[in-house]
Amino acid sequence: MTIQWFPGHMAKARREVTEKLKLVDIVFELVDARIPVSSANPMLEDIIQQKPRLILLNKADMADREMTKKWLDFYSDHEKKALAINSQAGSGLHEIVNAAQEILKPKFDRMRARGMKPRAIRAMIIGIPNVGKSTLINRLAKKNIAKTGNTPGVTRSQQWIKVGKELELLDTPGILWPKFEDEEVGYKLALTGAIKDTILNLQDIAIYALRFLEENYPNRLKERYNLSEVPKEIIDQFNHIGLLRGCLMSKGEVDYDKTAETIIRDIRSDKLGSLSFDLPNDHIES
């Protein structure tokens, strides 16, 4: 599966981010805790260059807790500051300002040494569509300032938002990259809802999901779909799940499109429990 998708508003967003970068002290890179590598825009390194960065693993409640801990250790080992947060519930958000202050301490110490008055930290939030930027901003600002929605591409413009006296945030539209070179990245982004379902083959995504679960979370698969053993053939898995969940056509045959939708919906709504699709061991040499 090759997905190429770079709408005009995203090209414009990249230009705007590059232009506004000089106005901020730090970049908050928001990623999906379930897929912290797959949801990290590979163009970001070129865009932000040496600008200080804080990585925020959002939707941590939906991710495998053990895997998230391993990811935090992974970032620490690579000298990157990262936090696990849940912007929907507001957990972990109180740590963001402290972490930013820690990262920027050398800069602000130099400013004070030159006789400059302390000011609020200016941060830019960057992340791919549907990763939760607007929800995070609204939580931090304690107001419904940023538009929210579970459809990728809700935020289209930039705006400054004050968060108390310590932080000023610059929201940015979500930016996807032109082409997913790694097929698995496309599947993982699709599975977690970062790409609009209308441009995908949902059966392919569901097949990828079932194979991943079979290898990494077989017991979750068995429990959710009443399986004593996971069938080796993917068609048998589809048939079993389709019959179990009533995804049938008029003649009683399994509707594979509806079955695929059911599997994806179950994963996105945590019906199989908290899952992580990027595994630290796969990136240990990164």
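## How to read the model

Residues are numbered from 1 along each chain as its sequence is written, and side-chain values use heavy atoms, leaving out hydrogens and water. Because the model is predicted, local features need pLDDT of at least 70 and side-chain atom pairs count only at pLDDT 80 or more, while totals for chains, interfaces and linings use all residues.

## The whole protein

Let's start with the overall picture. The protein has ten helices and six strands; these are DSSP runs numbered from the N terminus, with at least four residues (H or I) for a helix and at least two (E) for a strand.

Of the 286 residues, 49% are buried, meaning under 20% relative accessible area with a 1.4 Å probe, protein chains only. The accessible surface (Shrake-Rupley method, 1.4 Å probe) is about 14700 Å², and carbon and sulfur atoms account for 46% of that. Take the contacts (heavy atoms within 4.5 Å) between residues at least 6 apart in sequence: 68% of them join residues at least 24 apart.

## Helix H5

Now have a look at helix H5, residues 133-141. Eight of its nine residues are buried, so H5 is largely enclosed by the rest of the structure. Among the buried ones are Lys133, Thr135, Leu136 and Ala141.

## Ser87 in its loop

Ser87 sits in the loop between strand S3 (82-84) and helix H4 (94-113). Ser87 is buried, with a relative accessible area of 3%. Leaving aside residues up to four places away in sequence, Ser87 touches Asn58, Leu93, Gly132, Thr135, Leu136 and Arg139.

Note on methods
Buried means under 20% relative accessible area, exposed over 50%, partly exposed in between (1.4 Å probe, protein chains only).
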